[in-house]
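Colleague: Please show me how to read the features of a structure, one at a time.

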Amino acid sequence: MWREIQGSNDWHDLIKPLNPILREEIIRYGELVGACYKAFDLNPSSKRFLNCKYGKTNMFQEVGMASSGYEITKYIYAAPGINMPTQQDDAGRSRWIGYVAVSTDDESKRIGRRDILVSFRGTATSTEWLANLMSSLAPARFDPTNQQPDVKVEAGFLSLYTSDDSTCKFSQGSCREQLLKEVTRLINQYKGEELSVTLAGHSMGSSLAILFGYDLTELGLNRIYPSSEIPVTVYSFGGPRVGNSNFKDRCNDLGLKVLRVVNTCDPITKLPGVIMNEGMRVIGGRYELPWSDSCYAHVGVELSLDFFKLENPKCVHDLETYIRLLKYCSMIENVVKSEDPWYEKAKEMVARNKMIHVWPWQDAARQVGDLVQSLGF
């Protein structure tokens with residue numbers, strides 16, 4: 001059922017309740033995104049500052065994921081395209097943003113197809129934060145033969161995706177050019193096999209994943225034969241809105257599947273378009289307003305995480321917290337019933353500790369695991 005897990009039916013009947021196979025896949029892709037954070041060098045004194053600490057061949061092993069089932073084929077770099085001096089002196093320069101990988105032979109047998117994966121980290125540099133705050137909309141115009149000026153995306157994400165840094169010694173071309181070239185190469189290499197393209201990212205990285213997914217399908221590069229398409233799926237963790245309502249509609253028309261994993265208390269998932277969003281398009285569900293094209297809209301299907309209502313702003317957006325909630329809360333919801341004594345024990349602990357509301361952010365995810373262990377799992 002891998003096609004259903006990848007969203008062929010828009011995850012119908014797989015979200016509520018959350019299908020256990022889908023849950024495992026979400027966790028798996030979340031951990032593959034987490035590898036980007038573990039490998040990203042934030043030490044200012046390092047020669048690899050703001051780049052990957054490891055080489056492609058041993059990166060998974062160095063971050064404790066030697067059995068990931070994927071082999072990295074290319075590192076991806078992105079330049080914000082913002083010329084503004086910062087303390088990090090990273091303005092306009094390309095930085096390591098993620099990687100392209102392909103499933104090994106053994107993993108491909110296990111999951112039922114050859115999976116081409118692109119994984120993106122979230123915001124880390126000051127200029128990337130500035131790009132996130134550029135909330136104006138700009139036409140994407142990815143297909144030169146069908147530019148569709150009404151399809152618009154956030155200008156900062158577009159800049160990060162399309163800007164080129166000619167001084168970068170690790171890559172040539174923009175993030176977009178690198179991705180299109182490498183993924184097209186892999187599609188051609190494995191053309192005779194059952195294929196899928198999976199794009200996964202956290203925060204800003206999920207925006208790049210959606211942009212690339214739209215770009216790939218708009219150009220038709222996932223069409224091997226006139227009647228055969230490679231499914232393209234995005235797993236978005238704590239991702240913001242990317243484009244306007246026309247962008248959402250176009251993604252749907254192209255068959256791009258997006259599963260948005262969100263914590264309902266995560267403020268990043270409410271941006272951009274806190275006011276001008278999908279809820280402002282119509283009056284009474286009938287009359288479309290004249291500014292509807294300027295309203296941001298989320299793409300895809302939402303999977304909401306709201307088990308403990310994480311309201312501490314320092315942990316609600318943390319990827320590790322997302323993953324651990326998916327891992328441990330699944331145990332609780334599968335076993336705990338209202339008449340079960342474990343349920344009363346859980347309620348007691350919530351009341352006594354006030355849960356994550358008062359915990360330091362770095363301990364939040366660990367405390368979720370501790371709760372599960374205390375319940376006897």
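Colleague: How are α6 and α7 oriented to each other?

Modeller: First, a word on the source: this is a predicted model, in which local features need pLDDT of at least 70 and side-chain atom pairs count only at pLDDT 80 or more, whereas totals for chains, interfaces and linings use all residues. Residues are numbered from 1 along each chain as its sequence is written, and side-chain values use heavy atoms, leaving out hydrogens and water. Helices (H or I, at least four residues) and strands (E, at least two) are DSSP runs, numbered from the N terminus. An axis is a line fitted to C-alpha atoms, for helices over the stretch in contact, and the angle between N-to-C directions runs from 0 to 180 degrees. Angles under 35 degrees count as roughly parallel, over 145 as roughly antiparallel, 65 to 115 as roughly perpendicular, and the rest as oblique. Here the axes of α6 (residues 155–162) and α7 come within 5 Å and cross at roughly 60°; α6 and α7 are therefore oblique to each other.

Colleague: Which residues make that contact?

Modeller: Contact means heavy atoms within 4.5 Å. Leu 160, Tyr 161 and Thr 162 of α6 meet Cys 175, Arg 176 and Leu 179 of α7. By class, this contact of α6 with α7 has four nonpolar, one polar and one charged residues. Ala, Val, Leu, Ile, Met, Phe, Trp, Tyr, Cys and Pro count as nonpolar; Asp, Glu, Lys and Arg as charged; and the others, Gly among them, as polar.

Colleague: At what angle do α6 and α8 pack?

Modeller: The angle is about 70°, and the axes of α6 and α8 are 10 Å apart. That makes α6 roughly perpendicular to α8. Phe 157, Leu 158, Leu 160 and Tyr 161 of α6 touch Met 204, Ser 207, Leu 208, Leu 211, Phe 212 and Asp 215 of α8. The residues of this contact divide into eight nonpolar, one polar and one charged.

Colleague: Within what distance do the axes of α7 and α8 come, and at what angle do they cross?

Modeller: The axes of α7 (residues 175–189) and α8 (residues 204–218) come within 11 Å and cross at roughly 55°. That makes α7 oblique to α8. A crossing is left-handed if the near helix is turned anticlockwise from the far one by less than a right angle, and right-handed if clockwise; the crossing of α7 and α8 is right-handed. Arg 176, Leu 179, Leu 180 and Val 183 of α7 are in contact with Phe 212, Asp 215 and Leu 216 of α8.

Colleague: Which residues of α9 are buried?

Modeller: Buried means under 20% relative accessible area, exposed over 50%, and partly exposed in between (1.4 Å probe, protein chains only). In α9 (residues 245–254), the buried residues are Ser 245, Phe 247, Arg 250, Cys 251 and Leu 254. They pack against β5, α8, β7 (223–225), β8 (228–229), β10 (243–244) and β14 (296–297). Cys 251 counts as buried because its relative accessibility is 0%. After α9 comes Gly 255, with a positive phi near 80°.

Colleague: How many disulfides does the structure hold?

Modeller: A disulfide is a pair of cysteine sulfur atoms within 2.5 Å, and the structure holds zero. For Cys 265, the closest cysteine sulfur, in Cys 315, is 9.7 Å away, too far for a bond. Cys 265 is partly exposed, at 26% relative accessible area.

Colleague: Which residues does a cis peptide bond with an omega of about -5° join?

Modeller: That bond joins Lys 16 and Pro 17, and Pro 17 is in the loop between α1 (2–5) and α2 (20–39). Leu 271 and Pro 272 are likewise joined by a cis peptide bond, with omega about -25°.
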